[in-house]
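Dear colleague,

Please find the structure below, together with its sequence.

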Amino acid sequence: MNTVYSFTVRALDNWPELEGGPNEDYNSVYYTAIPRPGITYDYELLDDDALPVQYTSVDVASDNSVGIAYTVANEVSSGQFVHELRYATNEAGDWVTETVCGGLPDESRGKMPSLMFDSADVPHIAFINNTHEYDESPLTPYTTVEHVKRNSPGDWAAPDLVDDGGESIVFVNPSLAFDSTDTPSVAYLSLIHISEPTRPIY
């Protein structure tokens with residue numbers, strides 16, 4: 001199987017002095033084959049949203065069609081993002097994008113997606129639910145690990161909980177895999193927030 005990549009390109013406007021950084025106008029989701037020295041590749045534009053894309057994950061089905069999970073992030077306040085999980089596929093020939101879940105302040109789902117097809121070529125995605133990542137005192141910020149699978153084109157099951165961790169734990173970097181019986185497993189890191197001193201513990 002050839003290795004393939006999905007990636008995002010961030011478009012920058014000017015560099016506002018008051019903000020101290022670039023103005024992120026939008027991101028585009030692209031797909032390409034593995035880069036090799038001296039070879040030029042064509043890139044396919046999959047999505048060109050008004051909101052930035054922060055994460056992508058790609059997998060190839062047994063018929064060589066491609067699936068890409070990616071996260072659209074809406075910065076609702078400085079450094080705080082509401083995430084929406086999307087999926088792009090070329091299984092029918094042309095690229096089609098689908099909204100999987102998330103996108104609302106009380107349902108921020110899809111951060112750091114990990115996509116994998118099972119043996120029946122059903123796409124599954126593990127991701128972070130960060131709805132409560134920015135909770136303020138007296139609440140303690142936390143996230144959860146979740147998993148979702150596709151029922152049919154355009155129809156995704158409700159996400160199921162992998163680990164809620166309890167308050168004060170923030171999960172990051174989930175990685176999805178299947179065993180020989182198509183049972184999914186998810187590996188991930190947890191960061192425990194403490195106040196004295198303020199630092200994450202892995």
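The notes below cover the aromatic pairs and then the nonpolar cores.

This is a predicted model, in which local features need pLDDT of at least 70 and side-chain atom pairs count only at pLDDT 80 or more, while totals for chains, interfaces and linings use all residues. Residues are numbered from 1 along each chain as its sequence is written, and side-chain values use heavy atoms, with hydrogens and water left out.

The structure holds two aromatic pairs (rings of Phe, Tyr and Trp, the latter by its six-membered ring, with centres within 6.5 Å; planes under 30 degrees apart are stacked, over 60 edge-to-face, the rest tilted). Tyr87 and Trp156 are edge-to-face, because their planes stand at 70°, with ring centres 5.2 Å apart. Tyr87 belongs to strand β6 (residues 80-89) and Trp156 to strand β11 (residues 155-156), so this pair ties together parts 69 residues apart in sequence (strands are DSSP runs of E, at least two residues, numbered from the N terminus). Both Tyr87 and Trp156 are buried (under 20% relative accessible area; exposed is over 50%, partly exposed in between, with a 1.4 Å probe and protein chains only).

Phe171 and Tyr188 form an edge-to-face pair, 5.1 Å centre to centre with 85° between the planes. Phe171 is buried at 4% relative accessibility, whereas Tyr188 is partly exposed at 27%.

The largest nonpolar core has 12 residues, including Tyr87 and Trp156 (a core is a set of buried Ala, Val, Leu, Ile, Met, Phe, Trp, Tyr and Cys residues joined through side-chain atoms within 4.5 Å). Strands β6, β7 (96-102), β8 (109-117) and β9 (123-129) each supply at least two of its residues.

Kind regards

Conventions. Helices (H or I, at least four residues) and strands (E, at least two) are DSSP runs, numbered from the N terminus.
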